[in-house]
Amino acid sequence: MAQAAQTEFRQNIEMRYPRSASLRDGHKVSLRLMQPDDAETILGFARSLPNDDLLFLRRDVTQESAVAEWMREIESGRTFTVLGFDGDELLGEGDLHYNAADWTRHLGEIRLLLSPKARGRGLGRVLAEEIYAIAQQLQLQLLTARMVLDQAAAQTVFRRLGFQREAVLWDYVIDADGKTHDLLIATRRLQGPRAG
Ligand SMILES: CC(C)(COP(=O)(O)OP(=O)(O)OC[C@H]1O[C@@H](n2cnc3c(N)ncnc32)[C@H](O)[C@@H]1OP(=O)(O)O)[C@@H](O)C(=O)NCCC(=O)NCCS
């Protein structure tokens, strides 16, 4: 992607925030993009989550080095992360990771991670729609989501969010105890072709 276009896309995305959104019960949450100085906040959030939620992420976000790498991706525009707050309390995050330079440049990968008490109230949908809007700004064509096949609830959630099952990679993931799990890839197509 040309540098000028990338800069323009990024500015448009930054202009979208801060904003607020309503959960299913009418409760308002505030949304903003994660900044490099949010490292402590995100570390505290990740460390408060149950281990099972962290097992299959792309990196171990309870570690400072992994969060530092995440922040570098934020700075370079390779990852956009939307944070959802109730007052000062971080309830969850949604992120879009993409690679502008290679043969997967039309793809974005979505990840959602909410604190247990914030689940089932519509924040997952709110964050997923933000990620969709960001992916549209970036003129991506396809959003992918990865989850292990045992995560039945996550599969239902993504289906409700308009994703369809694309592929299952058998025994593709191995956990800390050496047990393998099947990985499900779900996709959601975006409107409109990517330019360039
Ligand atoms: C998966 C996750 C992001 C969902 O967020 P959430 O806020 O609980 O989801 P929402 O309340 O917005 O629900 C989204 C849709 O899924 C449905 N849904 C939510 N939880 C569900 C469950 N446990 N079983 C079935 N359906 C469910 C909702 O009814 C909703 O559909 P609707 O809007 O059409 O009514 C959240 O539970 C989470 O962070 N889980 C741990 C991390 C994870 O598994 N991430 C997924 C891999 S990236």
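Guide: In this predicted model, the largest nonpolar core has 38 residues, and those with the most contacts inside it are Leu123, Ile134 and Leu138. A nonpolar core is here a set of buried Ala, Val, Leu, Ile, Met, Phe, Trp, Tyr and Cys residues joined through side-chain atoms within 4.5 Å, where buried means under 20% relative accessible area, exposed over 50%, and partly exposed in between, with a 1.4 Å probe and protein chains only. At least two residues of this core are supplied by each of helix H1 (3-15), S2, S3, S4, S5, H5, S6 and S8, and the largest share, eight residues, comes from H5. These labels follow DSSP runs numbered from the N terminus, helices being H or I with at least four residues and strands E with at least two. Ile134 touches Ile13, Tyr17, Leu33, Phe80, Val82 and Leu96, leaving aside residues up to four places away in sequence; contact means heavy atoms within 4.5 Å. Apart from this core lies another, of 17 residues, among them Phe45, Ala46, Val61 and Phe85. In soluble globular proteins, nonpolar side chains tend to be buried together.

The strands named above belong to an open sheet of eight, in the order S1-S2-S3-S4-S5-S6-S8-S7, with mixed pairing; two strands pair if DSSP finds at least two bridges between them. Strand S1 (19-22) and strand S7 (164-174) stand at the edges with a single partner strand each, so one side of each is left without a neighbour in the sheet. From one strand to the next, the twist averages 25 degrees, with axes fitted as lines to C-alpha atoms, for helices over the stretch in contact, and angles running from 0 to 180 degrees between N-to-C directions. Strand S5 (residues 107-114) and strand S6 (residues 142-148) are parallel partners over four bridges, and Ile110 stands opposite Ala145 in S6. Helix H4 (residues 64-76) packs on the sheet, where it touches S3, S4 and S5, and its direction makes about 110 degrees with that of S3. Helix H2 (residues 39-47) lies across strand S3 (79-86), strand S4 (89-98) and S5, running at about 105 degrees to S4.

Charged side chains also link these elements, with a count of 13 salt bridges, each being a side-chain nitrogen of Lys or Arg within 4 Å of a carboxyl oxygen of Asp or Glu. One of them joins Arg111 and Glu93 (2.7 Å, N to O); Arg111 lies in strand S5 and Glu93 in strand S4, so the pair ties together parts that are 18 residues apart in sequence. Both Arg111 and Glu93 are buried. Another salt bridge is formed by Arg188 and Glu129, whose closest N and O atoms are 3.5 Å apart; Arg188 lies in strand S8 (residues 180-189) and Glu129 in helix H5, so this pair ties together parts that are 59 residues apart in sequence. Arg188 is buried, with a relative accessible area of 15%, whereas Glu129 counts as partly exposed at 29% relative accessibility.

As for how to read these values, residues are numbered from 1 along each chain as its sequence is written, and side-chain values use heavy atoms, leaving out hydrogens and water. Because the model is predicted, local features need pLDDT of at least 70 and side-chain atom pairs count only at pLDDT 80 or more, while totals for chains, interfaces and linings use all residues.
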